[in-house]
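Hi there,

Here is the structure I promised to pass on. Have a look at it first, and then read my notes below.

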Amino acid sequence: MKILLDAFGGDNAPEQVIKGAVDYVSKGGKAEVCLVGMVDVIKAIIEKNGYSDKSLSFMNATEIITCEESPTDAFRKKPDSTITVGMSALKTGEYEAFVSAGSTGAVLTAAIFKAGRLAGVKRPAMGTVMPTISGNPTMFMDCGANADCKPEYLVQFAIMGDAYMKKVYGIKVPKIGLLCNGTEEEKGSQFTHAVYQALKQVDGINFVGNVEGRDILTGEYDVIVTDGFSGNVAVKSIEGAANAIMATLKRNIMASLKAKIGFLFMKKAFKKTVKEMDYNNRGGAVFLGVNGVVVKAHGSSKSTAITAALFQAEEAIKNDVKAEIATRLSDEKLKQIKYE
């Protein structure tokens, strides 16, 4: 296995990204990691910190696309960027995955125009696996790649999410839900009505109906599908709410002596909760439907998150998620679905 890693993507690059790669190898990672970026800078950091470069290789790229730039403009103007060079290498087939904490827009643009879409895929989608109350993982698709969608896109999102949860998490019959403003079949917009009726016609998935926003983190659903606009708003709202709750708890604990004493007894439970909710321990979002495994780590990822993203990519490669999606979407029965 060979994984490409954008060494200069993210707020804490390149130091934390390189450390994440080194830690991945030291923790038993099975893939060779190829660091993409200015090789002289990368090697200097490795030497300065006394890191072992075992199972690491290097690919030179002299430009960096920042989050402040227009993704499409930067993609055209910076052909030697770490993202463009990495995605071009992914297309050759020599490497199976690309991991980056850089510009989301640039990663998605390069994935489509350089790595390319799998046959039959109308729109690739970003899926993020979130922790839940029950402890069971829930994949949320799409969480930001496609703001404007057609019903047939969401049908493919459901199939891709189903394939990922089966192959990577070993869930035999994933429960698929559609994000809506009510659980009843008649709830929602004309768009969600059309998606609902289409999903009922898909063979091979366990579509269980609508999901309300308050039930996203219950763990009752294995895959929740929606358009990228609603999905991105939902995921960021959850992140913001979690941060607000933790900040409020901290403020109230520090406000009185009794609360501080009580916290001492609850310290282990708080630490466990923070660890379960911390994105640094979960890796990143996977971009499904492209010709290769693409993992987009959070922009503020530190070494722990990079290491987790590399293990996430390794699992997707090992379980051949790409082939599973390609097989599922080539089913001729999908062409018979009626969209109203």
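What percentage of the 340 residues of the chain count as buried? The share is 49%, where buried means under 20% relative accessible area with a 1.4 Å probe, counting protein chains only.

Before you go further, please note that this is a predicted model, in which local features need pLDDT of at least 70, side-chain atom pairs count only at pLDDT 80 or more, and totals for chains, interfaces and linings use all residues. Residues are numbered from 1 along each chain as its sequence is written, and side-chain values use heavy atoms, with hydrogens and water left out.

The chain has 11 helices and 11 strands; these are DSSP runs, numbered from the N terminus (helices are H or I with at least four residues, strands are E with at least two).

Now look at the strands paired with strand 11 (a pair needs at least two DSSP bridges). Strand 4 (residues 97-100) runs parallel to strand 11, joined by four bridges; Ser100 has Lys296 as its bridge partner. Strand 10 (residues 284-288) is antiparallel to strand 11, with three bridges, and Val286 is partnered with Val295. Strands 10 and 11 form a hairpin with four residues between them. In that turn, Gly289 has a positive phi of about 105°.

Enjoy exploring!

Terms used:
Buried < 20%, exposed > 50% of the residue type's maximum accessible area, 1.4 Å probe, protein only.
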